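Hello,

Here is the structure I promised to pass on to you. Have a look at it first, and then read on for what turned up in it.

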Amino acid sequence: MLQEKKYIDETRQGEAYAGKEIKGNTKKLFLESYGCQMNFSDSEIVASILSDIGYNTTTKVEEADLILLNTCSVREKAEQTVRMRLSQFKKQKEYNPSLTVGVLGCMAERLKTKLLEEEQLVDLVVGPDAYRDLPNLLRETQEGRDAINVMLSKEETYADISPVRLSGSGVTAFVTITRGCDNMCTFCIVPFTRGRERSRDPHSIIKECQELWNNGYKEVTLLGQNVDSYLWYGGGAKKDFTKASPMQQATALHFAHLLEMVAQAVPQMRIRFATSNPQDMSIDVFKMMAKYPNICRYVHLPIQSGSDAMLRAMNRQHTRQQYLDLIKEAKLIVPDIAFSQDIMVGFSGETEADHQDTLSLMKEVEYDYGYMFAYSERPGTPAHKKMPDNIPDEVKKRRLQEVIDLQGELSSARMKTYVGKYHEVLIDGESKKNKNQWKGRNSQNVVVVFDKKQGEKLGDFVTVFAYDSTRGTLLARHEA
Ligand code: SAH
Ligand code: F3S
C-alpha cells in the first residue's frame, strides 16, 4: 500500500489479492494492482463485476483462468514494471492456452490497441471507465478474439456497484468519490487516461460508508484524483456545471459539505481523504476537521515544486506563497494537523535556484512525510509537446536524493514532537517485525507500534503513550 512505502521514487508494486471465496464461483481471477490508491479501489469494483459472472480472486497465478493487471502510466518506470510482469506470464499461457491476460487502467487507456499489437500475450485491454463491459469483452476473448474497450465517460462513477473488499484487513477501506481530473498539470498523463472529472452521488457514498461501518470497518478513505474538487449537482462532468440549471447550481454540494455528511453519518468511524490539490482546497475543509474529531488530522497536499517559475510551467494554479498561506491557516484552525507532500524534481528548465526553493519550502512546512519523484516525460502531455526534458539524469537523481534526505530529517524531527504524548491508534495489523506487537496509525497517519495487551484485537481503537520514535514510526506502550 502507498502509505507503507517509505520515500519512494517508483510506483507501488503489484499486489495480488488473497482469495475471496464467493459461494458457487468456480473460475479463478488473478488480479494485481499498480500505482495510486484509485487503482486499488477500482480493482475492488472489477472484482465485484467479475464475481457476478463466476470469478473468485486467487493469489496463485498457476490456477488462474484470467489474469488482470490494473496499471499505472504516471511515470515510464511504472509502465516498464508492468511490461516486465507481463513477460513473466508467458510460461503460464503455454501451459494453459485458454488463459486470458488483460491490461486494465491507465496503460490500457494510454496505449489502446498498441498494447495488443506490442504485447503478444495480451488478449484484453480495458480503460478505467469501461469495467462494466468486462463480461461482454470476456465473451469475445473466450471466442478467440482480442477485445478492447477504452471509451472514457463523463458520467461513470460505478456508484451502484458494491466493491469486493480486497485490501485493508477488514478495518480500513477506500470509497471513491470523484473520478478523472481536469487540472491539466503540464507534466501529467492522468487527465488523458482517466478523463473528465465527475463526482459521485452523495447518497451512494453515505450508504457505502454506513455499510462499511455495519460490517466492522473502522476507517474510510474518500478517494479521488482531486477530492477537494468534489461537486455534486445531479451528475455529469464538472466542466458542464456552468450549463446546469440555476436551481442545480444553487443547491450543489461541495467537498466540505460531503465530508460533514459522512462525519455525521458514521460518527465513530475515522475518515480520511486523498488526494487534495492546493488550488481546490477550501478553508471549510479544515473547519470541518476542527469540528468533527472523527475526521483525521492529516492532509496529503502535493506541492511538486517550491519555485513559482516551476509552478507556472507545471500549470499549477497557485503560487508558493498561496500554498504557504494555506498551510499556515490550516495550522491555526487545526493545530495538530499533519501534512505530507508529493514533490517532483527535474522538471523542464528547473534551475539550481528553483531546486533550492523546493528545499526551503519543505523546511518551512515541516512535512511529516513525502512521496518524491524525478520527472519522467510522458508522451502526449502538454510538457512533452512544448517543454524540453532538459535536466540531465544525474542532476535529477542528485536533486531527488537531496529532497529525500531532507524529508528524512523533517520526518524524524516531526516524529520527535509526537514522543511523550498519548495517541489514539486504530489497530490495523500485526507488526511485521514482532508478532507480539500491534501496528496502527494515529490521527496524523503516523505508524505506531506497541506490545499487544490481552483482550485487544484488530480494529480496536486504543490509547497508547509514545516513548520513542524512529524515522517513520512511533514506539509506544500501554500506560497503566
Ligand atoms: N492528484 C493525483 C496525482 C496523481 S500523480 C493523486 O491522486 O495523487 C501522483 C504524483 O505523481 C504527482 O503528484 C506527481 O508528484 C507525480 N507525477 C505525476 N506525473 C509525473 C511525471 N510525469 N513524472 C514524475 N512524476 C510525476
Ligand atoms: Fe495530474 Fe495535476 Fe490532476 S498532477 S492528476 S493533472 S491535479
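A polar contact here is a pair of N or O atoms within 3.5 Å; within protein, one of them must be able to donate a hydrogen and the other to accept it. Please keep in mind as you read that this is a predicted model.

With that cut-off in hand, let's begin with Lys93. A polar atom of the Lys93 side chain lies 3.4 Å from the backbone oxygen of Leu121. Lys93 itself is found in helix α3, which covers residues 90-95. Is Lys93 buried or exposed? Its relative accessibility is 17%, so Lys93 counts as buried. Leaving aside residues up to four places away in sequence, Lys93 touches Leu99, Val101, Leu121 and Asp123.

An unreviewed UniProt entry lists Cys36, Cys72 and Cys106 under "binding site". Why can these residues be said to gather at one spot? They span 71 residues in sequence, yet no two of their C-alpha atoms are more than 10.6 Å apart, so they do gather at one spot.

Taking them in turn, Cys36 is found in the loop between β1 (27-33) and α1 (37-51). With a relative accessibility of 32%, Cys36 counts as partly exposed. Cys72 is buried, at a relative accessible area of 9%. Cys106 is buried too, with a value of 7%, and is found in helix α4 (residues 106-111). Again not counting residues up to four places away in sequence, the contacts of Cys106 are Thr71, Cys72, Ser73, Thr193 and Arg194.

A disulfide is a covalent bond between the sulfur atoms of two cysteines. How many disulfides are there in this model? The count comes to zero, by the rule applied here. Cys72, for instance, is in no disulfide, and its nearest cysteine sulfur, that of Cys106, is 6.3 Å away. A disulfide needs the two sulfur atoms to be within 2.5 Å.

Which residues surround ligand 2? They are Cys181, Asn183, Met184, Cys185, Phe187, Cys188, Val190, Pro191, Asn277 and Arg316. By class, this shell has seven nonpolar, two polar and one charged residues.

Enjoy looking around, and do write back with any questions.

Best wishes

Conventions
Residues are numbered from 1 along each chain as its sequence is written. Chains are lettered from A and ligands numbered from 1 in the order in which they are written. This is a predicted model: local features need pLDDT of at least 70, side-chain atom pairs count only at pLDDT 80 or more; totals for chains, interfaces and linings use all residues. Side-chain values use heavy atoms; hydrogens and water are left out. A residue is near a molecule or strand if one of its heavy atoms lies within 4 Å of it. Ala, Val, Leu, Ile, Met, Phe, Trp, Tyr, Cys and Pro count as nonpolar, Asp, Glu, Lys and Arg as charged, and the others, Gly among them, as polar. Buried means under 20% relative accessible area, exposed over 50%, partly exposed in between (1.4 Å probe, protein chains only). Helices (H or I, at least four residues) and strands (E, at least two) are DSSP runs, numbered from the N terminus. Contact means heavy atoms within 4.5 Å. UniProt positions are given in the numbering used here, feature names are shortened, and annotations may be inferred rather than shown by experiment.
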